[in-house]
Every structure is written in structure tokens, then in C-alpha cells.
Amino acid sequence: MVSLNPIRILKNEAEEEKAEVARMSSFIGAIAIGDLVKSTLGPKGMDKILVSCGRNSGQVEVTNDGATILKSIGVDNPAAKILVDMSKVQDEEVGDGTTSVTVLAAELLREAEKLIEQKLHPQTIIAGWRIASDAAKQALAEASFDHQKNLNEASLRVDLENIARTTLSSKILSNHKEHFTKLAVDAVLRLKGSGNLKAIQIIKISGGLLEESFLDEGFLLNKKVGVHQPKKVENANILIANTPMDTDKIKVFGSTIKVDSMAKIAELEVAEKEKMKDKVNKILAHKCNVFINRQLIYNYPEQLFADAGVMAIEHADFEGIERLGLVTGGEIVSTFDSPDKVKLGHCKLIEEVLIGDESLIRFSGVALGSACTIVIRGATQQVIDEAERSLHDALCVLAATVKEPKVICGGGAGEMLMAEAASRAGARTAGKEAAAAEAFAVALRRLPSAVADNAGYDSADLIARLRAHHSRGENTMGLDMQNGTVGDMKKLGVTESYVVKRQVLLSAAEAAEMILRVDNILKAAPRRRGPDRRPC
């Protein structure tokens, strides 16, 4: 006799969601994440306050950066986690567009939910999306302006400035975007097309105003020179190290030394000093006149460096000495037995400078001539942190544009252009895929609609006008958010990077497709801690 009872193959506390329930759970989680960040989209988007718990309890961040918001929130829904990971990849890949890519993926799934209710199969929807995505990608490529063909540096600089302005318009720096646009473009153009953003250092110093931020054509290290050591060194030969420079005490956990007199303790101290003196002599044998160490330098070795007339800088953080090695052409070393094999860094001048209340060390005339430092001033730590995030986004977008110098009109023009291409592709498609292609176009139009809503304008009216312009082939028309009208983005100078816009399209389509394919969610049973086993 066969039992009709269902057979359970999962552990007792494991969970399983099937078919429609699993799909709706994924849709709800992804759409909720999209709605969370949608209000930050555009030049008049709102900010979020993030309050930390746990170790950094009470720490407050004020931001409208999509990547920062999504990194900071804890999500339990698997589809929501996919969108959070996608935004991180977008941030690492091109530095901007993290909010757009999340909102677009969420809107695609919102449209997919409606199509599922109309009994369209997920694979049919995916097929229609792919048709629309290919058409949108091709239309975007055809509408982009490429300055590489003409090698017109003046036009490229104008476009870079427009891209920086557009990127900074939706950030805290929008009121000072002209000042920071110049800083960002000057810094990126110094890289001479390499795109190596590690050569650009950003230092945050509290106090002053945002417009007092400036670009320093050199490398600044937020450290101080040791006591009684030279404050200024010309034609510096720099040894960069990561080595302990405290007195070499016995560092074996639980070890003890027993002595029978105070004289023996004095002998141990002398031995420790001799060992440290030998180490300093090995360092001096490298013929360096500047020594920079990641770890602390105690009083005795600091005194020895001062006696030798060597500038010693301690406790330079690892990111700082890595960047210092890059810009001065030196290597980070830990042992000093082979001076002939060690590559020293070089620069023309090292000196102490005062910025606000902070004393910093400036390295001028470094081997990597493109190296520079942007110093950000601001009234509060929250303002400075948000300014750094905004500037980082602008630098990443500019570096990506310099590598692939293609630009596209902003203000929603790119999204409307792609939406029209997706609609036309859907109209040419026979079968149910046509409905999915049209849904893809509707999701694209939701991005400029959200930008208009966040500014308090009538989005339905503006999008209808914009769609009419694009249907007549006026592909440069977009939303003028300063006046609440439709305008020519090319004349207004509202420009975005083609690389960022393409990445938003492709990443959002792939993430939404991945979530739509799901028909089962399995959650493992929580791990149980076993009883403590103590030896008998």
C-alpha cells in the first residue's frame, strides 16, 4: 500500500517557498529596495539619515548616495540582496549610477509582476526583455558623441566638465558644483588617460567652508615629522617601510624572565637598545634622508634618526604608504639586509604645511607627475564625508569617460531614447514577447518620471511632452529641472557618461532577469550550537 502523505526531505526548521509564493516574495523584496532609494534620484532628490548600531553605535551619516545607503541597510530578502550586490558592483565598476540601476531593476520587476498576472510565462517575458534591451543598447550607442575620432581635447574637456556638473548636481556639492567640477576635471586630466585614481588622494579636514576645498599638485600625508628632525628636505631619497620600530622586547605570549639583580635588567635594556641601533644603522646604510614607516617609531630610534639628520615619519596608514610608494616610485620593505636590492622613492621637496589647524607633510615633484591631492574642507564631519563620496563618484565617472570618451545627453534623454527604441522593437515583434518589450520601455520611462516627482513637478505632463519630442526624433530633449520644463540637453550642457548609462541598462536587465527566473526559495535550517564538551 502506497502512503499518500507528503515526503519531507528538508530538515525540520528549513523553509521552502514554491512557485507563485517564491516569485511574489522576490518581487516584493526587490520593489521595496527600489522604492527605498527612488526618492534620492535626480538633482532635487532627498537625503537619508543612516544611524549605526553595534560597535559604532550612534554614528550618523547623511547621504543620498545609493551605494552607501544600500551597503548600510541589513536586508533578509534574497532578491533584495541581489539588488544590493548589483549596486556594489556598479559602484566598483563605474562609480556612479547606483541609484538608477537599482530603481530600473525594481521597475522592470514591477512590470513583470503585472505580466505574470496576465499569465505570461517568465521565459516569455525574458525573451521580450532581451529584444528590448538589445534595441535600447544599440540606440544608446548610435546617439552617443565620440571625441576620440576627432581627438579634440578642448571638446573633451567641455564634455568632462558637463559630465562632472551633471554628476554633482544630485549631490550635496550641487551649490558649489562649478568649483568642484574644476577640481575633479583638473585632477583627472593630470592622469593623462591612465585612469589610475590611486594617484589622486582625498584628504578631509574639518573647519572652513566647502568652497575652500582645493587641489594641491603634489602628495599630502596627514602625519607629523619626528622630534628634532629636519622639517624640510630637498632632493629626498625616501625609504618606505612596514617594520616594528619599538624596542625589540620578547613578544612570546606568557613568557617570563627571572633575574637576581637590577643590574641584569639594565643589561637587558642595553641589549635591546643595541639591537635597535643595529636596525637603524641598516636603514641608514640605504643612503636615505627620509624614512617613512607604517608602524610606530619609539623614542630611541627617533633620536637616532634625528642625530643622523634623517626625517622620520611614523604610523603612516597602509593605504597612505601604498599610495606613497606608487607616486614616489619606491618599494615598501620589511627587511634591510640588502640595500642594493631596495628601490627608494624620490621627490624634489618635502616640507610641513599648515592647512586650517592641521599640520601636513607635502611631497612636491614626485616621480609620478600626475599625482595630486584634493583637500576637502567643511563645517561638520557628515558634510565632509558626503562631499568625499560625491567627489569620488565624479572622479570615477570622469576616469571611465577618459578611457572611453563617449558621452550621452542627460536629463532623462538617454532613458527616453532607449524606451522609444524598445517600443519600436516591441511593435516589430510578433507574439507575446511584444508585451514584455513594451513593459521594458515603460520601466525605462519611470526613471525620468521619478526625477520629476522628486522635484515636485507634474511628472505625467512632462513625460508625455518628452515622449512626443522623442517620437519625432528629437533625441537630445530631456527634463530641465531648474525650470520644470522640457529642454534641449545638448544646449543646456547636461551630459552623462555613455559607459555609466550602458552599465546601468545591462546590469539592471541582468539582475531583473535573474530574479524573474526564480520559482523556488530554499532557506537552510539555522545552525544549532552543540553542547560544550569538556575533557574529563
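A charge sits over a ring if NZ of Lys or CZ of Arg is within 6 Å of the ring centre and within 35 degrees of the ring normal. Please keep in mind that this is a predicted model.

**Exercise 1. A charge and a ring**

Find the ring that has the charged end of Lys273 over it.

Solution. Start at Lys273 and follow its side chain to the charged end, which sits over the ring of Tyr300. The distance from the ring centre is 5.1 Å, and the cut-off for such a contact is 6 Å.

**Exercise 2. Aromatic pairs**

How many aromatic pairs does a search of the whole structure find? Describe each of them.

Solution. A pair of aromatic rings is described by the distance of the centres and the angle of the planes.

- Step 1. The search of the whole structure gives two aromatic pairs.
- Step 2. Phe219 and Phe363 have ring centres 5.9 Å apart, and their planes stand at 65°, so this pair is edge-to-face; the cut-off for that class is over 60 degrees.
- Step 3. Phe219 belongs to strand S7 (residues 219–221) and Phe363 to strand S13 (residues 358–366), so the pair ties together parts 144 residues apart in sequence.
- Step 4. Phe291 and Phe305 make a stacked pair, with 5.0 Å from centre to centre and 20° between the planes.
- Step 5. Phe291 is in strand S9 (residues 290–293) and Phe305 is in helix H9 (residues 299–307), so this pair links parts that are 14 residues apart in sequence. Both Phe291 and Phe305 are buried.

**Exercise 3. An exposed loop residue**

Where is Asn175 placed, and is Asn175 buried or exposed?

Solution. Look in the loop between helix H6 (153–169) and helix H7 (177–189), where Asn175 has its place. With a relative accessible area of 69%, Asn175 is exposed, as the cut-off is over 50%. Now go from Asn175 to Glu211: the two are 36 residues apart in sequence, and their C-alpha atoms are 9.5 Å apart in space.

**Exercise 4. Helices that cross**

At what angle do helices H5 and H13 cross?

Solution. Two packed helices are described by the angle between their axes and the distance between the axes.

- Step 1. The axes of H5 (residues 122–143) and H13 (residues 433–454) cross at roughly 55° and come within 7 Å. That angle makes H5 oblique to H13, and the crossing is right-handed.
- Step 2. H7 packs with H11 (residues 381–403) at about 45°, and the axes are 10 Å apart. H7 is therefore oblique to H11, and H7 passes H11 in a right-handed crossing.

**Exercise 5. Strands side by side**

What is the strand order in the open sheet of three strands?

Solution. The order is S4-S15-S18, and the pairing is antiparallel. S4 (145–146) and S18 (495–497) are at the edges with a single partner strand each, so one side of each has no neighbour in the sheet. Two bridges connect S4 with S15 (residues 406–409), and Phe145 stands opposite Val407.

Finish with the hairpin of S16 and S17, which has four residues between the strands. Four bridges join these antiparallel strands, with Gly478 and Gly487 as bridge partners. In this hairpin, Gly484 takes a positive phi near 70°.

Technical notes. Residues numbered from 1 in each chain as written. Predicted model: local features only at pLDDT ≥ 70, side-chain atom pairs only at ≥ 80, totals over all residues. Heavy atoms only, no water. Pairing = 2+ DSSP bridges. Buried < 20%, exposed > 50% of the residue type's maximum accessible area, 1.4 Å probe, protein only. Phe/Tyr/Trp six-rings, centres within 6.5 Å; stacked < 30°, edge-to-face > 60°. Axes fitted to C-alpha atoms, helices over the stretch in contact; angles between N-to-C directions. Parallel < 35°, antiparallel > 145°, perpendicular 65-115°, else oblique. Left-handed = near helix turned anticlockwise from the far one by under 90°.
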